[in-house]
Amino acid sequence: MPPKDHPPVVLFGYDSSPFTNKVRLALRMKQIPFSYIPVPSMLPRPLLTTTFALPYRKIPILAIGRDLYCDTSLIIEALEHFFPADSGWGTVYPACTGVEDWTYRSLARGFASFWTDKPLFRTTTGLIPPTVWSTPFGTDRAQLIGHTLSPRKLGAKIPANLSSLDLHLSLLELGFSPSEKKKYTWVFPTTAPSLADLSLYYQLRWGIDIGAGRGICNLSGGGTPDTDADVTRVVFNATRYPGLWGWFHAFEAYITSLPDLQVTVPAADTAWKDQLAGTPFLDQLICAREGALDVQRGLVPGVRVRVAPDDTGRGDGTVGVLVGIGVEEVVVAAGGEAEVGVRIHFPRLGFVVRVLEGGSKL
């Protein structure tokens, strides 16, 4: 059983969000009890803006007490940091077997952030049925991306995206092909699934489901009904990729064997707000190493800054007072009226932090 003493953990997301499900998998692997609060797949999300004065539009958001973590790359590292394996929690970085003194954590993080979360995600997103893009979801995502989206053109690209998925699978199969020399099941030679397995699985599961049309009603906010067309079977099947197929089902069996500690909170239940408001802030950054270059740029606690993604969503930056900055994260106290005062954590990689004009130290 996991330890009982820990700050409340609350996950905000929606069911058809692949990145929400990525964090759900991490929480289950680590056996951390958490509350799940569904939010819309599209703006506005008054629950987040009213409760936390949070303009950041991407999902999921994870609260550990009154500290909000944005972006799955930082969320999972925060879970590892504040719920460590040596305190009785699970881990997404299990020990290696048969390989001495090999630290694979950086490789697993790179595999997740720079393969599965980006080029593979762009491929699986390209499998979304074109009916979705004809709903308000298409309008919302056009605003996020910065250009209009044509349902007809996106539908016509699905065969090319299936071909791209086939190329990704072909590369991945090289690491899973059965052989007498391969004595381990997972992406890396670990005793249990790692972040790399979690990341690859959530993307493939998303691609299979969304390509079939499962979950598109939730994704589109009710704009189009679910369907069940097995679009990906032509490229992802046991005959074409036997090693990868076996790994996929081994991971599903593993995750299903773990207790599910999620409690879904009904919309009318707001007790979680009082619970979060009554907790202290976390007293440390994941890695607080100071950077002289940050100081040269004026990034010191007390200045007003704007933090925004460097890809999509750049127009929805978060403005606030800089609380802390390190090599892993930047932390701000958001401006605006909020029901619960929070600190908001963003990763450094993939985000731009800029001191605002007139943002001298307060």
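## Chatting about cores and a helix pair

Reader: Which residues does F12 touch, skipping those up to four places away in sequence?
Author: F12 touches I37, V39, L47, L48, F52, I59, P60, I61, A63 and W272. Touching, or contact, means heavy atoms within 4.5 Å.

Reader: Before we go on, what kind of model is this?
Author: It's a predicted model, where local features need pLDDT of at least 70 and side-chain atom pairs count only at pLDDT 80 or more, while totals for chains, interfaces and linings use all residues. Residues are numbered from 1 along each chain as its sequence is written, and side-chain values use heavy atoms, with hydrogens and water left out.

Reader: OK, how many residues are in the largest nonpolar core?
Author: 42, and F12, F52, I61 and F346 have the most contacts inside it. A nonpolar core is a set of buried Ala, Val, Leu, Ile, Met, Phe, Trp, Tyr and Cys residues joined through side-chain atoms within 4.5 Å. Buried means under 20% relative accessible area, exposed over 50%, partly exposed in between (1.4 Å probe, protein chains only).

Reader: And what's in the second core?
Author: That separate core has 40 residues, including L25, A26, W186 and L258.

Reader: New topic: is P242 buried, exposed or partly exposed?
Author: Partly exposed, at a relative accessible area of 41%. P242 sits in helix α11, residues 242-256. Helices are DSSP runs (H or I, at least four residues), numbered from the N terminus.

Reader: What does P242 contact, leaving aside neighbours within four places in sequence?
Author: E173 and N237.

Reader: How far is P242 from G175?
Author: They're 67 residues apart in sequence and 11 Å apart in space, C-alpha to C-alpha.

Definitions and conventions: Helices (H or I, at least four residues) and strands (E, at least two) are DSSP runs, numbered from the N terminus.
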